[in-house]
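Trainee: I have a new model open. Please show me how to read its features.

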Amino acid sequence: MAVSEVVGNALRHGTPPVRLRLWSAPDRIVVAVHDRGPGPKDPYAGLLPAGDGTEGGLGLWITHQSCDHVTHHRDADGFTIRLTAGDAHFPV
């Protein structure tokens, strides 16, 4: 669900092209979604639900609630959001 939300946001609010990269291991999955746009204006977007939810605005919040780790990164090439779910540490 989190991947669907961030891809939908990139397609709706970002600037093409939208690129999805996925890495998986037996104990975790990492997904990065990148577009050429600037990303959300609010650096804290998604940490709290936005608005009352009737017009959307809950996608990033849902993402933060359902993933173990979420990062946002802006650079000259655009905006990337990276989601991690599962155990991020290998057993010793």
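**Packing, core and surface**

Mentor: Start with helix H2, whose buried residues pack against helix H1 (2-13), S3 and S4. Packing here rests on contact, meaning heavy atoms within 4.5 Å. Helices (H or I, at least four residues) and strands (E, at least two) are DSSP runs, numbered from the N terminus. Buried means under 20% relative accessible area, exposed over 50%, and partly exposed in between, with a 1.4 Å probe and protein chains only.

Trainee: What kind of model is this, and how are residues numbered?

Mentor: This is a predicted model: local features need pLDDT of at least 70, side-chain atom pairs count only at pLDDT 80 or more, and totals for chains, interfaces and linings use all residues. Residues are numbered from 1 along each chain as its sequence is written, and side-chain values use heavy atoms, with hydrogens and water left out.

Trainee: In what order do the elements of the protein chain run?

Mentor: From the N terminus, the order is α-β-β-α-β-β. That gives two helices and four strands.

Trainee: Which residues of H2 are buried?

Mentor: Gly59, Leu60, Thr63 and His64 are the buried residues of H2. Looking down the axis of H2, they fall within an arc of 135°, so they line one face of the helix. The arc is that of the directions from the helix axis to the C-beta atoms.

Trainee: How many residues does the largest nonpolar core have?

Mentor: First, the idea: a nonpolar core is a set of buried Ala, Val, Leu, Ile, Met, Phe, Trp, Tyr and Cys residues joined through side-chain atoms within 4.5 Å. Here the largest one has twelve residues, including Val6, Val33, Leu60, Cys67 and Phe79. At least two residues of this core come from each of H1, S2 and S4. Now take Cys67: leaving out residues up to four places away in sequence, Cys67 touches Ala2, Leu83 and Thr84. Across the protein chain of 92 residues, 27% count as buried.

Trainee: How many salt bridges does the structure hold?

Mentor: Side chains of opposite charge can pair when their charged atoms come close. The criterion for a salt bridge is a side-chain nitrogen of Lys or Arg within 4 Å of a carboxyl oxygen of Asp or Glu. This structure holds two. Asp27 pairs with Arg28, with the closest N and O atoms 3.4 Å apart. Asp77 pairs with Arg36 at 3.6 Å, N to O.

Trainee: Where in the chain do Asp77 and Arg36 sit?

Mentor: Asp77 is in the loop between strand S3 (69-75) and strand S4 (78-86), and Arg36 is in the loop between strand S2 (28-35) and helix H2 (59-66). They are 41 residues apart, so the pair links distant parts of the chain. Asp77 is partly exposed, with a relative accessible area of 45%. Arg36 is partly exposed too, also at 45%.

Trainee: Which residues make the nonpolar surface patch?

Mentor: Patches are made of residues with over 30% relative accessible area and no salt bridge: like charges are joined within 9 Å, nonpolar side chains (Val, Leu, Ile, Met, Phe, Trp, Tyr) within 5 Å. Val3, Leu20, Leu22 and Ile29 make a nonpolar patch of about 300 Å². Accessible areas come from the Shrake-Rupley method with a 1.4 Å probe; for residues, only the protein chains shown count as cover. Ile29 lies in strand S2 and is partly exposed at 34% relative accessible area.
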